[in-house]
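Morning, everyone. I have a short walk through one structure for you today. Let me put it on the screen.

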Amino acid sequence: MTGEPQAFGGAALLELDGVTVQLPVEGSMRAVLQDVSFAIRPGEAIGLVGESGSGKSMTARAIDRLLPPGAAVTGRIRFGGRDVMTLAGADLKRFRGEVAMIFQDPRAHINPVRRIGDYMTEALRTNAGVPVNEASSRAVALLKSVGIEDGERRLRQYPHELSGGLLQRVMIATALLTKPRLLLADEPTTALDVTTQAEVLAILDDLRTDLHLAMLFITHNLEVAAAICDRTIVMYAGQVVELRSSNLLHSDPLHPYTAALAAARPSVDKTTHRLLAIRGRPQSAFEAPADECSFAPRCPHVQEICKKARPALVALDGGLTRCVRAEELRGRLEVVAHGSIPPKSEASP
Amino acid sequence: MISVGPSNEPVLEVTALRKEFGTQVAVDDVTFSLPAGGSLAIVGESGSGKTTVAKMIVGLERPTAGTIRACGQDRSTPARSLRDRRRRGREVQIVFQDPYTSLDPRQTVEATIDEVLRLHHGWPADRRQQRVRDLTQLVGLDARQVRALPRSLSGGQRQRVAIARALAAEPRVLILDESVAALDVSIQAQVLNLLADIHDETQVSYLCISHDLAVVRQLTQETVVMWRGKIVERGPTAQVLDDPRDEYTRRLRASVPHPGWKPPHRAQLTGAGA
């Protein structure tokens, strides 16, 4: 999909153009990402939503040059106009400071036998040569910005003394210490309690505005993505299948998969007896059929035309969708999401 | 084979349950009952004590005080004989969160279910075979999957095996401890529909332990909300979710993302005294 990034307008901070990634599995190369293109403007938050095998985490790893050894990458990734794939040495180090990453499980990423202060200031002290005192006071200031008031005490504590929610805030503050321009957040609230999740999302949302920070927010939850992202990308089988303004994602989805994903989630607001489940299971890029729409085997709207070729990502109603029937189905998908097409047994409207 | 209590008695009755770990009180004065064929949710976040309650009911933890009765029989103290323990297994079964660690990696699906049938019912081989077929059909596994080892099954398929294994004992109560939390959204919907069908088709009662209010709404008629070891609110699930009375339940409900939801701003958060 070339020529597609124009759809965004403005100068992009990060630009992916036709990115395809293959990984060696048992001696053969298997595709995990196929033709992924999108762009993020400075200060913009983009949600990246998908199920297992959709390629959402792999996209973040490709951007941060953290793919496993032996990975074959084609296509282009540009950050601030520079080609990310060819960065090396000091340039790569600087890039890593400008693009920070936070993960789902802070306990798996923070050394349990080192104090919080050591963990937080390590990059500043060793990479940027910032003196310990200055690094510490910057850490305390950032802890305050994520709602941790007693930063000095926290720096002396060990990870096991902090709750999961506090530790996630520590990881966020640490990621911000190098003054990044882009934050890659991979399911940063999935392991948290729902009230803590709301707090962390609020913090991320505020920080983004205050620091003019661009964000790629990876999640399996459409509603979480829609809550703090300007636009949301939905991925399936290693491809972008929809890009949509977040406030239209639920009310006017463009791709049948987006609509099906929204309908499959039970609602906290209303009682239904049966959910509109999607048949089959999510596919990885290498499992999905190569010469037809990758969602065709599970799609409730599938027709012969869907099995003729891989659909291209096309612009529609201000968004992008990879569905040959998109125009035909326009405005009808949301109806399905609200259960008006009767499932097996009775369903409340 | 199934021990049936008097018809007016609930299948599960928990009274003034308390559990202390050292000086910590994990569960404090918890009382609820589950009617035959009913469905009850225990909702709460980490540290609420909901999982400790489930563990005490299945006998993985011993209550400090209070009583647990299932099918009219007391189970507050450990089983004293193998016979007693097996009877308890036919009263209450549990499906855990993680389908990757709750199955024996060396046992086929068939053998997993057959073992439960042999231990609990002592049926001859042909009757067990028929029941394995019925159960795997009920949870939607095909013939190839029935002969497979867990490693060749996906997470959703494994969770179906765990459900079939739990149902094989023909329990009166099925505890679902975050049983769909680890599944992909599209698979979660399939398993939730399956659980709704099983509830319609069998007389089994559900005790659903969950942090996910949407899942709870889908699966249960009654809800109790736990916070720091205590029940803070109870009532019909729709009522608790639509019109929460307790301050904590309100905050919990307001934190659930839904279409159009925005996270509360930091000023509001500190105001809420979180």
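Start with a helix pair in chain B. Here α3(B) passes α4(B) in a right-handed crossing. Remember as we go that this is a predicted model.

Where are these two helices? Helix α3 of chain B covers residues 109-121, and helix α4 of chain B covers residues 125-138. Their axes lie 10 Å apart, at an angle of about 120 degrees. An angle of 65 to 115 degrees would count as roughly perpendicular, and one over 145 as roughly antiparallel. So α3(B) and α4(B) are oblique to each other.

Now the residues. From α3(B) we have V109(B), E110(B), I113(B), D114(B), L117(B) and R118(B). They meet R128(B), R131(B), V132(B), L135(B) and T136(B) of α4(B).

Over to chain A for a second pair. Helix α7 of chain A, residues 164-176, packs with helix α8 of chain A, residues 194-211. Their axes come within 10 Å and cross at roughly 15 degrees. Angles under 35 degrees count as roughly parallel, and that makes α7(A) roughly parallel to α8(A). The crossing of α7(A) past α8(A) is right-handed.

On the α7(A) side, look for G165(A), Q168(A), R169(A), I172(A) and L176(A). Facing them in α8(A) are T196(A), E199(A), V200(A), I203(A), L204(A) and L207(A). The contact of α7(A) with α8(A) has six nonpolar residues, three polar and two charged.

We turn to where the chains meet.

Last, chain A as a whole. Its secondary structure comes to 12 helices and 12 strands. The C-alpha trace spans about 65 × 45 × 40 Å along its principal axes. For 349 residues, a compact globule would have a radius of gyration near 20 Å, and the 21 Å of chain A agrees with that. Of the 349 residues in chain A, 48% are buried. Among contacts in chain A with a separation of 6 or more, 66% join residues 24 or more positions apart.

Conventions
Residues are numbered from 1 along each chain as its sequence is written. Chains are lettered from A and ligands numbered from 1 in the order in which they are written. This is a predicted model: local features need pLDDT of at least 70, side-chain atom pairs count only at pLDDT 80 or more; totals for chains, interfaces and linings use all residues. Axes are lines fitted to C-alpha atoms, for helices over the stretch in contact, and angles run from 0 to 180 degrees between N-to-C directions. Helices (H or I, at least four residues) and strands (E, at least two) are DSSP runs, numbered from the N terminus. A crossing is left-handed if the near helix is turned anticlockwise from the far one by less than a right angle, and right-handed if clockwise. Two residues are in contact if their C-beta atoms, placed from the backbone, lie within 7 Å. Ala, Val, Leu, Ile, Met, Phe, Trp, Tyr, Cys and Pro count as nonpolar, Asp, Glu, Lys and Arg as charged, and the others, Gly among them, as polar. The radius of gyration is taken over C-alpha atoms; the globule rule is 2.2 Å times the number of residues to the power 0.38. A residue is buried if 20 or more other C-beta atoms lie within 10 Å of its own, exposed if 12 or fewer, and partly exposed in between; C-beta atoms are placed from the backbone.
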